[in-house]
There are 2 protein chains.
Amino acid sequence: MELSRRRLLQGIAGAGAVGALAGCAPSAAAAADVVEFHGPHQAGIATPVQDRLAFTAFDVTTTRREDLVALLKTWTAAAEAMTRGVPVPGPAPSDALPPADTGEADGLAPGRLTITIGFGPGLFTAADGTDRFGLAARRPAAFAPLPALPGELLDPARSGGDVAVQACSDDPTVAFHAVRNLTRLGRGTVVARWAELGFGKTSSTGNSGGTPRNLLGFKDGTRNIEGADDAALGQHVWVADGDGAGWLGGGSYLVARRIRMFVEPWDRDRLSDQQAVFGRFKTSGAPLTGTDEFDTPDFGAVGPDGPVIAEDAHVRLAAPENNGGLRILRRGYSYTDGIDARTGTLDAGLFFLAYVRDPDQFVTLQRKLGSSDALNEYIRHVGSGLYACPPGTTGPDDWWGRALFT
Amino acid sequence: MELSRRRLLQGIAGAGAVGALAGCAPSAAAAADVVEFHGPHQAGIATPVQDRLAFTAFDVTTTRREDLVALLKTWTAAAEAMTRGVPVPGPAPSDALPPADTGEADGLAPGRLTITIGFGPGLFTAADGTDRFGLAARRPAAFAPLPALPGELLDPARSGGDVAVQACSDDPTVAFHAVRNLTRLGRGTVVARWAELGFGKTSSTGNSGGTPRNLLGFKDGTRNIEGADDAALGQHVWVADGDGAGWLGGGSYLVARRIRMFVEPWDRDRLSDQQAVFGRFKTSGAPLTGTDEFDTPDFGAVGPDGPVIAEDAHVRLAAPENNGGLRILRRGYSYTDGIDARTGTLDAGLFFLAYVRDPDQFVTLQRKLGSSDALNEYIRHVGSGLYACPPGTTGPDDWWGRALFT
């Protein structure tokens, strides 16, 4: 009785907040502002990319499986509420208790908030080889820590983690609020290991508004998998039930890479070189063999000085045509973390997020790009994480990872 | 001739970009998206607060006054163009040259972009006492490095700077693009010293949409100076011609403080304590002696346990009524810089920006707040800068700081 009255009040409060905000933002209807939380797949993967990102990776500090399960249940309920624009559920408000919700998103519309969870390899087998939670036998064969890859110089303090949460919203305060509240709810069970704020999306998965640009000034994600392309998602993104790990069927693998861009030398490179590096025109985004952004690159075209799209051009090396049809779903954001004190240069770049059916898709691609891509002069992978993202939740009684833990 | 053709082309390109974007954002007309650059005061001070911030402080590395003057002229022209949504001016595009503009804001509307400059005390007298640019005699008497203040533990790597630029826009990529391009243009003359990205505004200066909340979940800036309140601006924000430094008349002083908030212990504090710390109700923002956010606090009200608004409540200590009418114009933003590796806690808080007619307004306030405010248990000032912001530019032939250097 107490619980249902509280839920009712929260529902009303949430609807009120959305309604009030909608009045200030005539371009967005309240309903269009909410992305459904439950479904066969987690939201935030094929969902049209929101403008802002807050990402946090956690280390699990408990050794008790039941604590972890309890947290996943609590997190699922909190995440579901927040995506509706409702405060984090908790005891009835009281002067004598801390508020159940930290409050900074009070009155803000959810801005298509999605909250997506992934489990790191360490949850199945810890770095010291122990099986803390009896999950070692449930680890999918395809799921191991990423091998050392060319083009990387990783900072352990910005890599790894037993659990990762990706919160995306058109409002950065809403995305921040989501990971902050999950962090708070996790106290005693998990501790935040690293975090990144993405200030502008760099890939589209079918939004209106055109292809966004990365911090090198080029359109990024022109040939990305569209969120509505179920065939491509089924082939390249969603783990199938038959892939060898039943609990992960309908899920996906998230590869996170903090890719530092050396923008100062890039900005001093002449336009023709910049375009040769990508194999595309900077302004239009068209391949150097075409005139429109969405023209298919002609990798066989030869000019007076050799191939029009160079052998080491990014678009050639990454193209599905040149990788046996290999594709990934990108969902990256630009980041900046101020000035690199050692060099006086800007610490900025691409927070690369990609969803794949098998981590080997990324490994294959990065082995090739990391060793041959002309872009390597201007980028370096400095942070890394790999996470197995369970399928979506079916309804109010379901919770993140249920099939893994039961 | 060459120059005027280029200018014309840039004007057309800029108008096109704004027009195209306006089509995607029906709530914002193109004209409403541009804040006029020129005027008696710099834009970005009394201007209604935009959603996002990119702030960078620079050290001047040249010792030649003419280099500095040349840069200020280049910066002014670039800033004026960017606020109109036009690329940074430069030589006619050529394959053989680096692009004049880094390009990541191509196709984005300016989002009310303002770019505001300030000069640090070191420009007038360097830390080693030298007068590098012959400006020592032009230093206003009121303008000296801030004294040591209670409540601070400053990181020199996130403090100071000879020149500071505040870029504000509703689009973070546009704000980032602005400071990045000024940094690039400054190569050889200045070097970036520190930077901060503000992801959500925490103060309003007269926008619609209500008072924003800070990361402690409380509304911030309820009693802020309104951008349209010319009387208050004249009394508390704009330096008057008679204030003793002719070149700064119509300008203002910017105080920047990186205020770390210890959100984890705050989030565990009971609601009644949180409200006692601020002297306001969390949800409504009303003073504890009222019911509406904009009710005037009744500092004389006494309840069974003493004053309703405690002696050490933030609102009491900061109120103009209790400080001889002292007011400041706040323009702060929430920031986060990931996880504090030493403690596993969130490195987040308020990037406090305030504009004052005399730095002593801030010093007086912080001496009081830093020693007595109940909020000190949950915050610490960890970065600091003070900058003298010249008046606005009068037109295309004017440039930032002209009256100081000529």
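Asp170(A) is partly exposed, with 23% relative accessible area. That value, like the others I will give, comes from a predicted model. The side chain of Asp170(A) meets that of Arg112(A) in a salt bridge, 2.9 Å from N to O. Where do the two residues sit? Asp170(A) is in the loop between β3 (163-169) and α3 (172-185) of chain A, and Arg112(A) is in the loop between α2 and β2 of chain A, so the pair ties together parts that are 58 residues apart in sequence.

Side chains of opposite charge can pair when their charged atoms come close. Over all chains, this structure holds 50 salt bridges. I will go through a few of them.

Next, a pair with a partner in chain B. Asp106(A) forms a salt bridge with Arg213(B), and the closest N and O atoms are 3.8 Å apart. Asp106(A) belongs to the loop between α2 (65-83) and β2 (114-119) of chain A, while Arg213(B) belongs to the loop between β5 (200-201) and α4 (230-236) of chain B, so this pair joins two chains. Are these residues buried or exposed? Asp106(A) is partly exposed, at 32% relative accessible area. Arg213(B) has 10% relative accessibility and counts as buried, because the cut-off for buried is under 20%.

Glu196(A) and Arg258(A) form a salt bridge, with 2.8 Å between the closest N and O atoms. Glu196(A) is in strand β4 (residues 190-198) and Arg258(A) in strand β6 (residues 252-261), so to speak of sequence, they are distant parts of the chain, 62 residues apart. Both Glu196(A) and Arg258(A) are buried.

Which residues are joined with this pair into one network? Through salt bridges that share partners, the network takes in Arg158(A), Glu196(A), Arg258(A), Asp337(A) and Asp347(A).

Take Asp337(A) from that list. Asp337(A) is in strand β10 (residues 333-340) of chain A. Its relative accessibility is 17%, so Asp337(A) counts as buried. The side chains of Asp337(A) and Arg258(A) are joined by a polar contact of 2.7 Å. If we leave aside neighbours within four places in sequence, Asp337(A) is in contact with Arg158(A), Glu196(A), Arg258(A) and Asp347(A).

Last, the annotation. An unreviewed UniProt entry lists residues 42-199 of chain A as "domain: Dyp-type peroxidase N-terminal". In the model, that span is 21% helix and 20% strand, and its end C-alpha atoms lie 22 Å apart.

Key:
Residues are numbered from 1 along each chain as its sequence is written. Chains are lettered from A and ligands numbered from 1 in the order in which they are written. This is a predicted model: local features need pLDDT of at least 70, side-chain atom pairs count only at pLDDT 80 or more; totals for chains, interfaces and linings use all residues. Side-chain values use heavy atoms; hydrogens and water are left out. UniProt positions are given in the numbering used here, feature names are shortened, and annotations may be inferred rather than shown by experiment. Helices (H or I, at least four residues) and strands (E, at least two) are DSSP runs, numbered from the N terminus. A salt bridge is a side-chain nitrogen of Lys or Arg within 4 Å of a carboxyl oxygen of Asp or Glu. Buried means under 20% relative accessible area, exposed over 50%, partly exposed in between (1.4 Å probe, protein chains only). A polar contact is a pair of N or O atoms within 3.5 Å; within protein, one must be able to donate a hydrogen and the other to accept it, and residues adjacent in sequence count only if both atoms are side-chain atoms. Contact means heavy atoms within 4.5 Å.
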